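Please look at the sequence and the 3D structure shown here. Then read the short report below them.

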Amino acid sequence: MFFRKKPPETRTYDKETLRPVIRASICTGERAAGFQDIRTGKITEVMLLRTPADLEEFQRLYQIADVEITVRY
């Protein structure tokens, strides 16, 4: 009655100008998921990836397949 189950949240991004990437540090091992502008190459980080579950959450939120994500060092 008072507490309804919320539908799963999904977000969108412009697939024409942005590509999903994981920015990884070779020194510290820190990884962050985000989007890279195809024209300028600028990366905008969206979330920090601490566990594999965080990566799965990123993929679920933005409806991204494993094949679409590239890793940048």
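The model is predicted.

Helix H1 covers residues 52-62. Gln-59 is found in helix H1, and Leu-61 is found in helix H1 as well. Is Gln-59 buried or exposed? Gln-59 has a relative accessibility of 13%, so it counts as buried, because buried means under 20%. Leu-61 has 6% relative accessibility, so Leu-61 counts as buried too.

Gln-59 has a polar partner. Its side chain makes a polar contact with the side chain of Asp-66, at 2.4 Å. Leaving aside neighbours within four places in sequence, Gln-59 is in contact with Ile-64, Ala-65, Asp-66 and Ile-69.

Leu-61 meets another part of the chain. Leaving aside neighbours within four places in sequence, Leu-61 is in contact with Glu-9, Thr-10 and Arg-11. Leu-61 and Glu-9 are 52 residues apart in sequence, yet their C-alpha atoms are 6.5 Å apart in space.

In soluble globular proteins, nonpolar side chains tend to be buried together. The largest nonpolar core here has twelve residues, including Leu-61, Phe-58, Tyr-62 and Ile-69. Strand S2 (31-37), strand S3 (43-49) and H1 each supply at least two residues of this core. Which element gives the largest share of this core? H1 does, with four residues.

Ile-69 is one of the core residues. Not counting residues up to four places away in sequence, Ile-69 touches Pro-20, Val-21, Ile-22, Leu-55, Phe-58, Gln-59 and Ile-64.

**The rings**

How many aromatic pairs does the structure hold? There are five. Two of them are set out here.

| Pair | Distance of centres | Angle of planes | Type |
|---|---|---|---|
| Tyr-13 and Tyr-62 | 6.3 Å | 70° | edge-to-face |
| Phe-58 and Tyr-62 | 5.4 Å | 50° | tilted |

The pair of Tyr-13 and Tyr-62 links distant parts of the chain. Tyr-13 lies in the segment before strand S1 (18-24), Tyr-62 lies in helix H1, and they are 49 residues apart. Tyr-13 and Tyr-62 are buried.

Phe-58 and Tyr-62 both lie in helix H1. They are four residues apart, about one turn of the helix. Both are buried.

Which residues do ring pairs link into a cluster? They are Tyr-13, Phe-35, Phe-58 and Tyr-62. Tyr-13, Phe-35, Phe-58 and Tyr-62 are also among the residues of the largest nonpolar core.

Terms used. Residues numbered from 1 in each chain as written. Predicted model: local features only at pLDDT ≥ 70, side-chain atom pairs only at ≥ 80, totals over all residues. Heavy atoms only, no water. Buried < 20%, exposed > 50% of the residue type's maximum accessible area, 1.4 Å probe, protein only. Polar contact = N/O pair within 3.5 Å; in protein donor to acceptor, adjacent residues only side chain to side chain. Contact = heavy atoms within 4.5 Å. Core = buried A, V, L, I, M, F, W, Y, C linked by side-chain atoms within 4.5 Å. Phe/Tyr/Trp six-rings, centres within 6.5 Å; stacked < 30°, edge-to-face > 60°.
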